[in-house]
Structures are given as structure tokens and as C-alpha cells.
Amino acid sequence: MVDQFTGKLAGWPNFHSVFQFVKLPLLKRLLLTALVCAAPSVPAGTIWLSSLDLTQMTTGWSVAKADRGIMGTPISIRGEKFARGIGTHATSRFRVKLDGNANRFTAQVGVDDSAGGQGSVEFIVIGDGKVLWHSGVLRGGGAARPVAVNLVGIQTLVLRVTDGGDGEGYDHADWADAKIEMNPGAPPPVALAPYETFSLKTKAFALTFQAGDDGRLYQRPIGMDESKARLPRDDEFYPQAGDGYVWEPALQAVHADGNTSTALVYDGLAQTNETAGIELTSIYLHDPAYPFVVTLRFRTHYNEDLIEEWTEIRHQESGPVTLQRMSSTSLLLTTNVYLTHFFGDWGKEMMAPITERLTPGIKVLDSKLGVRADQFQNPSFFLALNGKATETNGEVLAGSLAWSGSFQCEFDNNDRAIRAVCGINPFASAYHLKPDVTFVTPKMLWVWSVHGLGEMSRKLDNWARDFGMRDGHKPRPVLLNNWEATGFNYDFDRIANLFAPAKAVGTELFLLDDGWFGNKFPRVNDDAGLGDWQANRKRFPNGLAPLAADAVQHGLRFGIWIEPEMVNPNSVLFHEHPDWVICQPERPPELQRNQLVLDLTRPAVQTFEWRTINNILSTPDITYAKWDCNRYLTQPGSSYLAPDRQSELWIDYVHALYALMDKTAKSFPDTELMLCSGGGGRVEYGALKYFDEFWPSDNTDPVVRALMQWDYSYFFPPMALASHVTLSGHRPMHFACCVAMSACLGMDLDLTKLPAQDKAILTGAIGAYKQIRDVIATGDLYRLEDPHQGFRGALNFVSPDRSRAVLFVFQLKDGQNAPVYPQGLDPVRRYTVHELNPAPGRPAMPQEGKIFTGAELMRDAILPSCSKALEACIVELDTR
Ligand code: GLA
């Protein structure tokens, strides 16, 4: 192999100097050899550097040699020969553990004569991160330079050789005569791995960082074996724009003096145990040229292989620093990666997974909707390493950004590694950060699985039940919503007449949807009333309290729909406060669904929205609310923010929204909250943490929901996913019930008009659901058959103690009565097989009432009772 820098054959000695050596007369040669080989005498406790493990020393070419130059010839600097020392080649690094036991480091350094007078290098001695000595640039043919460095108290010594700034050609560098004087009786020094590395570790995942020669922080790409290598500049972690990094940066800032570059160096880290299995790691970085600090935070959940990652930015410059890009994460992965993401639209949210190989270039997933993350693109995705993942196989890293505003997730493949840069969308969002204020980015969630997508989801669900949503272990009430039954067309009597039939089928909570408010501008359609949150006096002469009380008298809880962030121009609120809306000056306001968004950055609007929520939820007997958001931003202008702060609207809005949601959740701890945004526009963990469940889509056709719920279940616990039985799609009632029962069951039906047979099926379904909802709420989900792929979908839940399981099969197309293989059962326990609420008229399953061990069921399968399109079947497996 040819050395790219010296142009010589690797592994061959330097013919030039060897030739010169053999040309000498024999006596001279013997004398010289004796001279060179005689070990000089040294004080006791002195350790020759060349006696340490040199395999730990990095070199720009070949390998470090003990007591020889890099070419294998005796060490020689401008003719001066040295019996001891290390021959290396720039750039080179050697890390030695001293543990404070050393006294002094001495050596003679220079370019070895084997370079034939060429080459230029610099020798640097570093103790505990501080440069203790450096040689300046030394050139080939120059004399050896003596080094003597005090090492008292030093824990770790680093010896570096740079290329002298002109490339590595002929940089044959000698640490001649190099030795360390240790304290008497101290243990000898030990060669360390060349770079300081540290890892964030969970049960099956590790994220390894490395401090570079340049002081910057690097990350070993996940899935790439780089255990000893010096990482290239491209692998900087959280790279910054403007000072040498040419790929997609994680941070782009304009400093108070106008400097558009940032250069962060690694200061150190702190790790604290928050609770058992949960650790917070903080990595501290700062820019030596500015009082500008960045803290990277990682909360690791050991058992779930989950990392919450975010960034905090703070400075003390003379004026605001403009953050143009401030991502939450910038993880590096190997290049053999398949990305799966979910694109959709209103009514089609999250139902079209797209899997593609990440090829060189940038793939961007983003949204620019301002007040919600999603309508088209969900901020959740997964990355499969080394080939596509299946439910049970493959290394997968799922990512989900917890942010309810515009987001951006980029996958920048430079053909060496892929960087996932995710966070707030930098689009039109420059943020002017004042001194001494900390900017905290949204959290990015990463979950790792080496056993495919099923395990990935189960880990995420476990985390979400504890930290990602409200009351994540509690089964939800079965609710009846009036929206699809009545639309805006109702009054006290029409609603009150629904209570008795609701109770009769087993409903536990009645949810009154849009249309109950507005007087001067009554909310009888979507053109008026938003903003005027007083109950409509014609419909509800005495307000909502009597209606809620009536529900309670019927044995039902009562809930209410609100959309606090919005206003119709046809409203008293808008007439009184036209400046409260988000719109652009000089442009006619663009309405969506006849409404505008209130400017939540304005303190008066914050007060108004909180008062609205507080008033409504303080109404006696209201114990549930559906919080909607039926439009997104298209004209991001605020008459409250100064002209130079308009770009902050995107971010400040979401922060103000979270403050409002947090206050609501905390002030009404017993009021369950549903997160809705014109369907599934806010399905992400930024908002979900304040809510008990989310509305995935206005499309409630169970055929569509079977697909959609499958895809949502990659990232969200099914109990968080409101799934209502409706007449949408005109599917058989039994099928609609089974699909809804696999998540958080509710209804949106006019029960007064429902045929008796359907009512009986529904009543049976609700009764059955109440028996199994604890398993769905707390159990492990196993996705068995993907409805996108075949003629049916199948999944099962297993209770945490594995004593019970529930299996769902949804037949989307005609097929055969094929067996379905459950997973996750206890192999030795004996389960009784029982079909829940079977469809009328269908023959019983052959295994009905029989008992099998978990192993038998997983091996021999279950033959469900359904085989034709729009049939479904739920099987309970119970050891009790
Ligand atoms: C949105 C919601 C629906 C319903 C309507 C009411 O579209 O997604 O469920 O609440 O608003 O206007």
C-alpha cells in the first residue's frame, strides 16, 4: 500500500537512511549500534514512554514504534541518535493515565531523519485538558528540542503531534528519550484509549461521545464501528454554523456583535440519578470567544431504552443573540438506514407509512403550520438500521419531537454518516435571545429496539403511560359525543333526550360538542360565535349547569367542547378586539373554517383564554373537556410583538399555549381532557402530556381507522387514542365496535335512531369493553398482522402480569379463515379462549371455551370466527 502522504510503500523501511547506515565501515557501525542500544541510566521510578501499550497511540500513517522511528529505523533527529523513544506520524495522539502520581515528563522531540529533511509537525503536551507545553512548528532536518514538563497532580496526560498546518506528508515525528518520572512506589502509568469518550447507556443502547483534539465534542455514529478512530470534523455533535462545518448545522446563531459563527468546545459533563432507572446527563459546551453557553441534556430511561433529549442556550453578550436554528437533537447514524414516516391530510392522518432508504442528500420532514405540528406530516418517524425492520426483527430507532408548532426533522446523509437534525422549524423563526435568559428547545424522544417495531412501541408506550400523557395507567370512560349525530343543530331537549338511551347502552360520559355558545352571534354553524363563550340563551336558557346536572341524574358524567384559541369575525369578541387576532397588516385576513387564531403572545389574550377555560370548566358537573384547534397559521403577524420580533411569534405562541394547557391540567386535576385539532393536528408528545387522550382524525370510518390506529400505535398507547363508533362508511355495527374497542372506545351516534339490533351489538360491545379496557390501558401491544399488507389486521394486548390477553382481528377484505398467532403470552400458563361479544349468527370459534397453554396458543394459533370483509372478532385469553 502506498502512503498517501509520503508516497512510500507502507511497511517498508526507509531505504535512504538504511542505505546510508550500511555504507559505514563495519567498526563504525558496531560502535554506533552499541551507542544507540545502550540504555541511558534514569532515576528510579522512571517509566519509558515506549514501554507503554503503543497500540493505543493514533498515527496519521503506519503504527507507532517503540524505540524506533516510524520507518522502523533507529530514532534519529538531525543526526542525533536515541536508543529510547517513540516514532510516530502526524497526526498522532497518546493518552496516558497518571492518576496524579507523576512528577515530570521529559523528552527530545523533532522530525525523524527518515523524512529526509522534509515534514513539519508540532508537539503538544496536555495535562487534564490544559496545554502544558508546545513546541511550535518543527521542521525536518531541525535539531531535537528538549521538553521538561511538571506533571504534579495531573490525572491524564495527552501527547499530541499535529501536522504543523501543512498536511501530513513526511511528518515522521519522534518523542525521543521520552519518559515519565513517577512518585516512589506509585503504580505505573497506563496507556488509555486515545480519546476521552463517555457514553449514555440504557439497557440495550449506548450513545458514545468523544472529545476531539480541537476541544470540540464528537459523536460516534450509531451503528458504525469507530471504536478507536479519531472522528472527522463531520462527526461533531451539535455542530454549529459558520466556523468550518459545512453540513446541516444543529445551531446557527448571530452574536450580539454580528458574528455569524459559533464554535463550541466541550467543558465537561454531569450525571445525576433522578429516580431508579432514570438519569439526567448534562453536557456543557461554551464558545471561548463569547460568553455563550450551550447545555445538552439527555434524560435516559434505562429499561425503556428511551432518551429525552433537548438543548438549553444562554449567553451574557452585550445585546440579544439571534438564534436562527436551535435544534433539539443532531444524532449521527450509519448510512445504511431506512426511514419510515407518515404523511397524510385532514381525514387521512397517519395512514400512509412511507419507507425509503436514506440516500446521500437531505430528506426533510417538516410543517409550517405554527399552532400545530401536524395535518400533513406527523413529527414521529422511525429509522431502521441495516435493512428494513419488521415487528419482531431489526435495529430500530424511533424519533418523536414533542412540539405543537412548526417542526423540522432533517436527515442529512453525507455518504459517511446520516445526521438527524430535529427541532423547531427554523423557517421564519429567528429568535432574539436576551442576555441571561435560557432558551430551552422542545424535547426529542428517541427509543431504541434491537427486536423490531413491536418492542419499540412497547417501550415507548411504557414511557408514555408514566411521562407522556395524563393518568396514563387509568382506563378512560366510555363516552358518547353528539357531533356526528347532531352537528350544530341541537338545544337542551334534543341533548337531554340522548341521556337515557346513552345510559341504557352503557355510556359513562356525555360529551357536548360544538354549538352550545354565542348569543349575539349564535354558534349555529361554523361561521359565528367563536370567542363568545357564554351558553346560548335560546338553547340553554339557564346555562349549561342544568344540562350537566341532568346528565348526572341519568348516571352520566358530562363533558364539553371548547376551542379557546379561536375567534370568528362574527363575534362580539372580534368586534371589541379586532387587534387580538393573528394576521398580516396590509393583507385581507385569510379565514380557515371562517375563523382566525387569537394572538396568544398578547398577555390580554392569555388572560382572556384562561378566564374562558376556567369559567367553563368550573361549571358544576362538567368533568371532561375536548380542546379543539380547527385551523393553522397562514398569516403569521402579531400586532402585539414589535416589528423586529415578528419571527418569534411561531415559538412564543406554543410556549404560551403550553402554559395555558399546563394551568388547565393542574387546576382541574379530575377533569379529563381530550386533545383535538381539526382531527389529528396535534398528535404529538408536546401537547399530549397535558391530556388524557387525543382525537386522531375526523375520519371515523372503521375501515380507515383500522389502518390509522395501526400507524398511530407505533408511537402512542392505544388507550390515548379516542376511537368512536359512528355510522361513517356505513359499516356493520359489529365491525365498527370491534375496531373502536381496540383503542379508547367512545361513540358518536344518535342512539334514538339506532336500529334495535345494532343497539344490542353496541350494548354488548360496551359491556365487553369494560371487562377488557384495563388490559388495553396497561397491557403490552403486539401487532400481529398489518392491515396495510394483507386482507386483515390483527393485534393482541397482554396484561402486565400476563394473566390475560385480548386478541383483535379485523377483516378488511374477504379472505380465508386463517389462523392468527398471538404473541407475548406466558408460555406455561393456561388460558381459556373466549370470543367477546361475538357477531350474531356466526358459528362459534372451534377453540371457544377450551384451555391451552400460552406456548400452545403461540405455536398452534387461534382460528378466529371471521373470514369475510367487514367481519371482526375479539378473543379474550384468561388464566383466571
Ligand atoms: C373539529 C373536530 C370535530 C368536531 C368539530 C366541531 O373538526 O375534529 O370532532 O369537534 O371540530 O366543530
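**A guided discussion**

Guide: Aspartate 801 lies in the loop that links β44 and β45. Please bear in mind that the model is predicted.

Visitor: Is aspartate 801 buried, partly exposed or exposed?

Guide: Buried requires under 20% relative accessible area and exposed requires over 50%. Aspartate 801 has a relative accessibility of 46%, and therefore counts as partly exposed.

Visitor: What separates the C-alpha atoms of aspartate 801 and glycine 779?

Guide: Along the chain, aspartate 801 and glycine 779 are 22 residues apart.

Visitor: Which residue in the hairpin of β44 and β45 takes a positive phi?

Guide: Strand β44 covers residues 792-798, and it pairs with β45 in the antiparallel sense over seven bridges. Five residues lie between the two strands of this hairpin. The residue with a positive phi, near 60°, is arginine 802.

Visitor: Which residue stands opposite asparagine 796 in β45?

Guide: β44 and β45 are antiparallel partners. Within β45, the residue facing asparagine 796 is leucine 807.

Visitor: How many residues of β45 are buried?

Guide: Arg804, Val806, Phe808 and Phe810 point to one side of β45, whereas Ala805, Leu807, Val809 and Gln811 point to the other, and all are buried. Strand β45, residues 804-811, is thus described as mostly covered, with a buried count of eight of its eight residues.

Visitor: What is the bridge partner of valine 809 in β48?

Guide: Strand β48 spans residues 872-878 and runs antiparallel to β45, joined to it by seven bridges. In β48, valine 809 has as its bridge partner cysteine 873.

Visitor: How many residues of α12 are buried, and what do they pack against?

Guide: Helix α12 is mostly covered, with nine of its nine residues buried. Among these are Met733, His734, Cys737, Cys738 and Met741. The buried residues of α12 pack against α11, β41 (722-725), β42 (744-747), α13 (756-778), β45 and β48.

Visitor: How is α11 oriented against α12, parallel or antiparallel?

Guide: Helix α11 (residues 702-712) and helix α12 (residues 733-741) have axes 9 Å apart and pack at an angle of about 20°. Angles under 35 degrees count as roughly parallel. The orientation of α11 to α12 is therefore roughly parallel.

Visitor: By class, which residues make up the contact of α11 with α12?

Guide: α11 passes α12 in a left-handed crossing. Pro702, Val703, Arg705, Ala706 and Gln709 of α11 meet Phe735, Ala736 and Val739 of α12. By class, this contact has six nonpolar, one polar and one charged residues.

Visitor: Which residues does aspartate 750 touch, beyond those up to four places away in sequence?

Guide: Aspartate 750 sits in the loop between β42 and α13. Buried means under 20% relative accessible area, so aspartate 750, at 12%, counts as buried. Not counting residues up to four places away in sequence, aspartate 750 touches Ala485, Arg494 and Leu498.

Visitor: Which are the edge strands of the open sheet that contains β9 and β13?

Guide: Five strands form this open sheet, in the order β9-β8-β11-β6-β13, with antiparallel pairing. Each edge strand pairs on one side only, and the edge strands are β9 (130-139) and β13 (190-192).

Visitor: Which residue of β13 stands opposite valine 96?

Guide: Strand β6 (residues 92-97) runs antiparallel to β13, and three bridges join the two. In β13, the residue opposite valine 96 is alanine 191.

Note on methods
Residues numbered from 1 in each chain as written. Predicted model: local features only at pLDDT ≥ 70, side-chain atom pairs only at ≥ 80, totals over all residues. Heavy atoms only, no water. Axes fitted to C-alpha atoms, helices over the stretch in contact; angles between N-to-C directions. Helix = DSSP H or I, 4+ residues; strand = E, 2+ residues; numbered from the N terminus. Parallel < 35°, antiparallel > 145°, perpendicular 65-115°, else oblique. Left-handed = near helix turned anticlockwise from the far one by under 90°. Contact = heavy atoms within 4.5 Å. Nonpolar A, V, L, I, M, F, W, Y, C, P; charged D, E, K, R; others polar. Buried < 20%, exposed > 50% of the residue type's maximum accessible area, 1.4 Å probe, protein only. Pairing = 2+ DSSP bridges.
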